[in-house]
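Here are my notes on the model, point by point. Please read them with the coordinates open.

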Amino acid sequence: MHSVIVNKKRVVTNIATLVIVLAIGGCSKVTSNPEQVKNTVANEPLAPSLQASMSVNPWYQSAENSLQSDLTKFQTIQPQIGSAKNVILFVGDGMSIATITAARILDGQLRGESGEENQLSFEKFPFTGFSKTYNVDAQTPDSAGTMTAMMSGVKTDAGIIGLSEKVSRGDCASSKGTEVISALELAEIAGMGTGIVTTARLTHATPAATYAHSPDRDWEDVSDMPTEAIAQGCVDIADQFVHFKERIQQEYGVSVDGIDVAMGGGRRHFLPKDAAFNSPDAVSAIEGDRTDNRDLIAEWKKLYPSGQYVMDQTGFDALTTAAQLPVLGLFNESHMRYEMDRKNDVSGEPSLSEMTAKAIQLLEAKDKNKGYFLMVEAGRIDHGHHAGSAFNALHESIELSQAVAKAQASTNPNETLIIVTSDHSHVFTMAGYPKRGNPILGKVVSVGSDQEALALDDMPYTTLGYANGRGFKDLGEETDGDLAYEHPVDQGRKDLNSINTQTPGYHQEALIPLESETHSGEDVGIFSTGPGAHLVSGVHEQNVIFHIMNYAANLTGKATSTLPKK
C-alpha cells in the first residue's frame, strides 16, 4: 500500500537578486533592477578606442543580444507552488552532452550550415542545469534506477523500477513495502490527464518507471519472471500497465480513469506465445512472448470498450478527438524503428514528434481545466549508442528536438512546464582538432588544411568514436543500426582511407571490445521552460527533477485533496 506523503515544510523559493557590475574605464555601476540593468547596458557609451574593436564585431554583438535575452528570462519566473497546470517531461535516453553537441552540429549541417552555431530546440530554453545520474549502488547507472529517481524523487539501485533501494534486485519478497509513488500516478490520482510516449517498448525501463513497480526491469512479461517470483505475487510489467487503473483505485480508494495515452513499441509482451495472435506486421514467426496464454491487448480493450487500440500509421492518423480516449498504440513487436529506418516498416510507424503532437492534442482536448502529465522518451538514442552507431543516435536526438519544438508550439508557455533531460550518458566522444564546419560524421580535417589528418599510425580517424563497444562496421546504406549485432565484434584501429564514414551503416571504432557499448557516469543536462523552470538551475541529484515537477504542478497537494477522508 502506497502512501502519499506531503512535505509539511513549506517550500520557499528565493530568487537571488540579479547584480551586474559594469566596469568600463574604471567606473563601476551596480543595480538590482533588471530593467535598469537593461537600459544601462544598452545605453552605456563605449570609449572610442573600444568602439571599433568591440561593438562592430559580430561575435560581440551576438553576445550582447544574448545577454539582453537572458535578462528578460528573470521577468518570466513563476515561483508559486502549483503555477504549472501541465507538465511534459522529455527524456533523451542516453543523450549525453557530447551527443547534444554532435547532434546540434549535424542538424545544422543537414541544412547547409557549418553546424557549430546551431541550437537544438531545447537549447534555447531559458533555464538549464545538470543532473548527477549515479544509482544508489552504481557509479555508472542504468535507465531503471535513473528514471525511478526522476519519477518518484527517490534514488534507487540499478535495475529497479518504482521501488526504493531497500529492495534486492530480482527478489520479489524483498519488494513488498518498498514501493514509491510516481509523478504520473500522482497526476492520475489528482484527476489530471496522463500520457506516455516512447520509441522503445512500452514496458522498457524508462516508460515502465512511470506506472510500474518491479524488483527487476527485465520482468517485462511473465515469461521473463522466475516461477518463485510469480508464486510470491509479483506481477509482470505489461500486466501492471493494463491493470493500472484497478490497482490505483484499490490502493488509494479513489476513482480514476486510467492512463489516457500510451504509445510505443513492445507488442510481444502483451501477446501469448501463439502464432494465431500475430499482428499483420509481425517480424518473428511467433510474435508474442507470454507463456500464460493471456492476450493483454484483448484485456485492455475489454477494460476500455470506448478506447482505441492502434498498431499502424493508418490507425494513428485516425486519432482525432478526446472522445477516443484512452488510446493504446503498440507500433512494433519490439522497439519502434530508428527514425532514419522508419520508412522500412511494413505497416507504418509514426515519428516521435508526431506521437508527441498527437498526445498533446488529445490531452489538451480532454479537460482544459485539470491539466495533464506527459512523459516522452526518445528511447532509441540509447540503442544507437549501444550499437556503436553515431548516425542513428544523432538522428534520434534531432528528432527529439523536433518533438520538443512541436510541444512548445502546441502548449501555452504560461501554464506548461517542459523539462528536457537524459537519464544517463554514454562513452561517446568528439575528438581530434577538426576545422569548423568539418562533417561531424566524417574524418578529421585539421584547421587550415584540406587533407585528412593522420594519426601516428599514418591512418585517418573520425571525429566521433566510442571508448568501448562492438567497434568498426561498414554496412553502407543500412539504416538499421541494430544489424551491428549480427556481425562480430571488431574493436581497435582500422584503415579508413577507402571508407565513407558518413554513410548510415558506418559504426565508429571502439577501443575496448564489448558485446554492447556501455553507459557512462558523467552528469547530463537539464533544460526547462515554463512555470517552475528556474528551479532546474544548478547541479542537482537526479531525483530533484521529480521535486521540481511536483512543486511546479503541486502534484502531491492535488492528489492528497482527492483521497478519502479518514
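1. Asn-554 is partly exposed, at a relative accessible area of 24%. (Buried means under 20% relative accessible area, exposed over 50%, partly exposed in between, with a 1.4 Å probe and protein chains only.) Asn-554 sits in the loop between H17 and helix H18 (555–562). Its phi is positive, about 55°, although Asn-554 is not a glycine. Helices (H or I, at least four residues) and strands (E, at least two) are DSSP runs, numbered from the N terminus.

2. On the basis of the notes: this is a predicted model, where local features need pLDDT of at least 70 and side-chain atom pairs count only at pLDDT 80 or more, while totals for chains, interfaces and linings use all residues. Residues are numbered from 1 along each chain as its sequence is written, and side-chain values use heavy atoms, with hydrogens and water left out.

3. Asp-458 also deserves a look. Asp-458 has a positive phi of about 65° and is not a glycine. It lies in the loop between E12 and E13. Asp-458 is exposed, with a relative accessible area of 57%. Most residues other than glycine have a negative phi, and most peptide bonds are trans.

4. Which residues does a cis peptide bond join? Leu-325 and Pro-326, with omega about -5°. Pro-326 is in the loop between helix H13 (313–317) and strand E8 (327–330).

5. Pro-326 is also a contact of Ile-259. Contact means heavy atoms within 4.5 Å. Beyond its neighbours within four places in sequence, Ile-259 touches residues including Leu-184, Ile-196, Tyr-211 and Phe-241. Ile-259 is in the loop between helix H11 (244–252) and strand E6 (261–265). It is buried, at 7% relative accessible area. Ile-259 and Phe-241 are 18 residues apart in sequence and 8.7 Å apart in space, C-alpha to C-alpha.

6. Now Phe-241 itself. Phe-241 is buried, with a relative accessible area of 5%. Leaving aside neighbours within four places in sequence, its contacts include Leu-202, Ala-262, Trp-300 and Leu-328. Tyr-211 is buried at 0% relative accessibility. Tyr-211, Phe-241 and Phe-270 form one aromatic cluster.

7. How many aromatic pairs does a search of the whole structure find? It finds seven. Tyr-211 and Phe-241 make one that is edge-to-face, 5.4 Å centre to centre with 70° between the planes. Tyr-211 is in the loop between helix H8 (205–208) and helix H9 (227–231) and Phe-241 in helix H10 (residues 237–242), so this pair ties together parts that are 30 residues apart in sequence. (Rings of Phe, Tyr and Trp, its six-membered ring, pair if their centres lie within 6.5 Å; planes under 30 degrees apart count as stacked, over 60 as edge-to-face and the rest as tilted.)

8. Phe-428 and Tyr-466 form a tilted aromatic pair, 5.4 Å centre to centre with 45° between the planes. Phe-428 belongs to strand E12 (residues 428–430) and Tyr-466 to strand E13 (residues 464–469), so the pair ties together parts that are 38 residues apart in sequence. Phe-428 and Tyr-466 are both buried.

9. The largest nonpolar core has 65 residues; Leu-89, Tyr-211, Phe-241, Phe-270, Phe-373, Ile-419 and Met-549 touch the most other members. Helix H17 (residues 544–553) gives the largest share of this core, seven residues. Apart from it lies another core of 50 residues, among them Val-261, Ile-360, Phe-391 and Ala-510. (A nonpolar core is a set of buried Ala, Val, Leu, Ile, Met, Phe, Trp, Tyr and Cys residues joined through side-chain atoms within 4.5 Å.)

10. The second largest pocket holds about 610 Å³ of space. It is lined by 25 residues, and Arg-201, Ser-334, His-335, Arg-380 and Asp-482 lie nearest its centre. Helix H15 (residues 380–386) gives the most to this lining, with four residues. (On a 1 Å grid over the protein atoms alone, a cavity is a set of points where a 1.4 Å probe fits but cannot get out, and a pocket is an open set with protein on both sides within 12 Å along at least five of seven lines; lining residues have an atom within 4 Å of a point. Grid points are joined across faces, edges and corners, and a volume is the space filled by probe spheres set on the points.)
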